[in-house]
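Hi,

Here is the structure I promised to pass on.

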Amino acid sequence: MQPSAVPELAHTHARPIHWVATATALAGVVALSSVLGPGPAKAAPPPGPQTKSAPAPLSTPDSADVEFPLECGPVKVVVKEKASGDLDGDGLPETVAVVHCDSPMGTPPDGVYVVTRAAGSSEPRVVATLADPEDRTNVDDFAVRDGEVHATLFGYSSADVPNCCPDVRESVKWGWENGAFVRSTPSDARSV
């Protein structure tokens, strides 16, 4: 074994005096930071004229707390998609939910429902059915934009078309007019 070319350094072995010096230096830093640190926090507002804060924003109705008008038998109701916005211009947000039964096989038809709260109530409720599951449609490209509900509906031209293979594709939107939701079809609606 070859001896080291560098002599042993004295500070590689900690002695009690080293620990005392480190503790003293640390105590000095803590004491100095408390003297030079920021002032105490104040919980009370400063004296003078006060401005009122804006009211808390209203939360959107939660579609999980709603009983949808959908008969699913032994399976549960599934909220496939949801989006929120002020649809009727009253300043209160509504939630639009795409809902279907949790079928173990196939693709169950979707329903599109508008959920809101009555003024002064905390309980959400369904106020409109935009697409009924009995119409045998499935919803895609769903969104709430500019106070309107937009979706692409896939459906069937007749009862003879198998459930696996919708043959009609329709782009639709619903807007609030004269106290009701009115469905319209933009010019790009087409069959599959």
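Before the notes, one cut-off: a residue is called buried when its relative accessible area is under 20%, exposed when that area is over 50%, and partly exposed in between. Keep in mind too that this is a predicted model.

Planes under 30 degrees apart would count as stacked and planes over 60 as edge-to-face, so the rest are tilted. What I like here is where the partners come from. F68 is in the loop between helix 1 (16–36) and strand 1, while Y113 belongs to strand 3, so the pair links distant parts of the chain, 45 residues apart.

The other pair is W176 with F181. Here the ring centres are 4.8 Å apart and the planes stand at 70 degrees, so this pair is edge-to-face. W176 has a relative accessible area of 34%, which means that W176 is partly exposed.

While you're looking at rings, check Y156 too: R136 lies over its face, 4.2 Å from the ring centre.

Which order do the strands take? The sheet is open, built from four strands in the order 1-2-3-4, with antiparallel pairing. At the edges are strand 1 (77–85) and strand 4 (124–131), each of which pairs on one side only. From one strand to the next, the twist averages 30 degrees.

For a closer look, go to strand 3 (residues 111–117), which runs antiparallel to strand 4 and is joined to it by six bridges. If you want a landmark there, T116 stands opposite R125 in strand 4.

In sequence L92 is 33 residues from S59, and in space the two are 8.7 Å apart, C-alpha to C-alpha.

That's everything from me for now.

Cheers

Methods: Residues numbered from 1 in each chain as written. Predicted model: local features only at pLDDT ≥ 70, side-chain atom pairs only at ≥ 80, totals over all residues. Heavy atoms only, no water. Pairing = 2+ DSSP bridges. Helix = DSSP H or I, 4+ residues; strand = E, 2+ residues; numbered from the N terminus. Axes fitted to C-alpha atoms, helices over the stretch in contact; angles between N-to-C directions. Phe/Tyr/Trp six-rings, centres within 6.5 Å; stacked < 30°, edge-to-face > 60°. Buried < 20%, exposed > 50% of the residue type's maximum accessible area, 1.4 Å probe, protein only. Lys NZ or Arg CZ within 6 Å of the ring centre and 35° of its normal.
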